[in-house]
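Thanks for coming. I will take one residue and then step back to the whole chain.

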Amino acid sequence: MKEHKARKRFGQNFLQDTRIIHDIVNAVRPQPEDVVIEIGPGLAAITEPLAAKLNKLHVIEIDRDIVGRLKTLPFADKLVIHEGDVLQFDFHSVAGKKKIVGNLPYNISTPLLFRLSEVADDVTDMHFMLQKEVVERMVAEPKTNDYGRLSVMLQYFFDMELLIDVPPEAFSPAPKVDSAVVRMIPVKHRIGEAQDFNHFAKLVKQAFHQRRKTIRNNLKELAGDDDLLAVGISPQDRAEHIAPELYVALSNHLVAKAV
């Protein structure tokens, strides 16, 4: 089979370390009847061992050459191939509670994670390979440098854990950064329920807009000192010192006050 050259515009780095591939498949724990979607199957490093354990495997792939290649594989009859951009994919079009797995292209990882938050109710768990720096931001605790908007917004939907560190040499071509595998398990209302999710999202975005400023300054157009104090936030604190649940509480306080 003709060798496939990784394409920069698709952010392609192909996993080739057999031990890490084995560890990822073990973490996913696929059962024959599971509904599994793999994002970006690439050269099928994870696809093949997943398909071996499943009756059917959905894959989403944008690269036409790779789609053509997937159709020629010995286990192609088990694959349901969705050709196109994962950012445009309708995950609800695949029926059932889903497990989602993939080596995510670094250039679209953040928008894709936000997109996947929208289908959290439809998901059992997700396992992704990402830039390690991104995973550290996802799982970060308050009062750490990595804690930010991404941490709060994803922790609203998911329990998350960094599972596996992955060095650059595990890929071909080797990226210039370290990678990691993260497990994401949806947990409804784990930090409380936002009464108006759009308000909550806007509030969090504004809170981290200028990290060096106090929360009082960043939120001055949305909340006064009395509002902050009402939910236990010190106006002098910076955004990264404030626990995720307090952002939910503040948003709900402001929404209720506006009624």
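**One glutamate and its chain**

Start with the contacts of Glu 240: leaving out residues up to four places away in sequence, Glu 240 touches Pro 142, Lys 143, Thr 144, Tyr 147, Phe 208 and Arg 211. Contact here means heavy atoms within 4.5 Å.

Before going on, this is a predicted model, where local features need pLDDT of at least 70 and side-chain atom pairs count only at pLDDT 80 or more, while totals for chains, interfaces and linings use all residues. Residues are numbered from 1 along each chain as its sequence is written, and side-chain values use heavy atoms, with hydrogens and water left out.

Where does Glu 240 sit? In the loop between helix H9 (225-230) and helix H10 (244-258). Helices are DSSP runs of H or I, at least four residues, and strands are runs of E, at least two, numbered from the N terminus.

Glu 240 is buried but has no salt bridge. Buried means under 20% relative accessible area with a 1.4 Å probe, protein chains only; a salt bridge puts a side-chain nitrogen of Lys or Arg within 4 Å of a carboxyl oxygen of Asp or Glu. The nearest side chain of opposite charge is Arg 211, 4.2 Å away, with Lys and Arg counted as positive, Asp and Glu as negative, and His and the chain ends not counted.

Now the whole chain. Of its 259 residues, 48% are buried. The protein chain has 10 helices and 9 strands. Its C-alpha trace spans about 65 × 40 × 30 Å along the principal axes. Among contacts with a separation of 6 or more, 65% join residues 24 or more positions apart.

How values were computed
Buried means under 20% relative accessible area, exposed over 50%, partly exposed in between (1.4 Å probe, protein chains only).
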